[in-house]
Amino acid sequence: MPAPLTRRMTLNDLRAARQSGERVAMLTCYDFTTAQLMQKAGVPTLLVGDSASSVILGHESTLSVGLDFMIELTAAVRRGAPLAWMVGDMPFGSYQGSIGQGVNNVCRMVKLSGCDGVKLEVAEGHLKLVRRLTDAGVAIVAHLGLRPQAVGLLGGYRFQGRTADEAMRIVTLAQRMEKAGAAALLLEAVPAVVAKAVVERTTLPVIGCGAGRYCHGHVVVTPDLLGWTERKPRFVPDLGNPNRPVDEMYGEYVRRVSERQYPADEHDYEMPPAEQADFAARLKG
Ligand code: KIV
C-alpha cells in the first residue's frame, strides 16, 4: 500500500510526473475527516469538485452549488490534508459574468480556502480570464471535454470528442489554454485517442477523468469509487467490496494508478472507427 504523505505536494510534482512517466492519483474530497484519511492513505492530489452539488447536497446537477459553500468545503479539506496538492473548483455562475467577477471570485477561493490550484470549466470565451488569473499568479486547471456545468447545452452527460470535428476542437482548445497560461488540463469523458493527442500537443500535466491511460494523472469522484452512488460511470475502477476498509480502498486506487493498472481498456470511451481514422488523418495534416 502507498505510504502516508510526508511532504507537501506541489504543481512541480505533477510536472515531474509528466516528465518521468509516473502516474498521479487524484480523488475528489469534500470534508475534513475524509481528507485526513486520504492523506494517511497517501493520496497525493485532491479535487474539491463541484460534484459536491450532487454527492453532498443531493442536487440533480452541479449547477446548484454556490461559491461560499465550495469555499467552506475546500477550506475543510485543506485542514484535513495540508500536504496534498489541492484544487478548488469554481461553481457555475461564479466566473462566467465578466473577467472582473471571475478574478475576484477565484481570488476569494484561493485566499479563503488555501487551495493550490483552481479548476474552471472552460470554453474559448474563457481564454482572457485564464490569462488574467495566470498573470495574478493563480495555477489554473482548465477542464475540457465533458463540462457538466454545460449540461443544458450538451444535452446530457455524454462523452465528448465523438467525431473528428469535436476531437479537433478539444485539442485546439487545450493548446490555446496552454498558451493562455493554464497550469494543467483536466479532460473529462473523452476517448483515449483524444487525450493522447492533447498529451502529445501540449506540455502541461493532463489529468484524466474517464480519458484513458495516456493522461499523467487520473481523478474519479470518490463516492463512485467506493460504490456509494447509484450509477457508476464506466471508467470508475472496480475496487471490490464497498465494505472493505475505506483507507485500504484509497490506497488500492493510488497503487493501481501509479502502477498503470488503471485506467485499462475497459474504462475507455470509444470514438466510432471512421471518425477515429478521420481524426488521425487530420492530426497528421
Ligand atoms: O466536480 C468534480 O468532481 C469534477 C470531476 C468529475 C473532474 O469536476
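Mentor: Strands of a sheet pair through backbone hydrogen bonds, either parallel or antiparallel. Zoom out and you get a closed barrel of eight strands with parallel pairing, in the order β1-β2-β3-β4-β5-β6-β7-β8. On average, neighbouring strands of this sheet are turned by 25° against each other, direction ignored, with axes as lines fitted to C-alpha atoms and angles running from 0 to 180 degrees between N-to-C directions.

A word on the ground rules: this is a predicted model, where local features need pLDDT of at least 70 and side-chain atom pairs count only at pLDDT 80 or more, while totals for chains, interfaces and linings use all residues. Numbering runs from 1 along each chain as its sequence is written, and side-chain values use heavy atoms, with hydrogens and water left out. Helices (H or I, at least four residues) and strands (E, at least two) are DSSP runs, numbered from the N terminus.

Now α4. Ten of its 14 residues are buried, meaning under 20% relative accessible area with a 1.4 Å probe, protein chains only (exposed is over 50%, partly exposed in between). Among them are Leu67, Met70, Ile71 and Val77. Their cover includes β3, along with α2 (32-40), β2 (45-48), α3 and α5 (99-113), contact being heavy atoms within 4.5 Å.

Ser61 is buried, with a relative accessible area of 13%, and it touches Ser53, Ser54 and Tyr157, leaving aside residues up to four places away in sequence. A polar atom of the Ser61 side chain also lies 3.1 Å from the backbone nitrogen of Leu63.

β3 turns up again with α1: the cover of that helix's buried residues includes β3, β1 (24-28), β2, α9 (192-201) and β7 (206-209). In α1 (residues 11-20), the buried residues are Leu11, Asp13, Leu14, Ala17 and Arg18. They fall within an arc of 160° seen down the axis of α1, so they line one face of the helix; the arc is taken over directions from the helix axis to the C-beta atoms. Exposed Gln19 and Ser20 are on the face turned away from the buried side.

How values were computed
A polar contact is a pair of N or O atoms within 3.5 Å; within protein, one must be able to donate a hydrogen and the other to accept it, and residues adjacent in sequence count only if both atoms are side-chain atoms. Two strands pair if DSSP finds at least two bridges between them.
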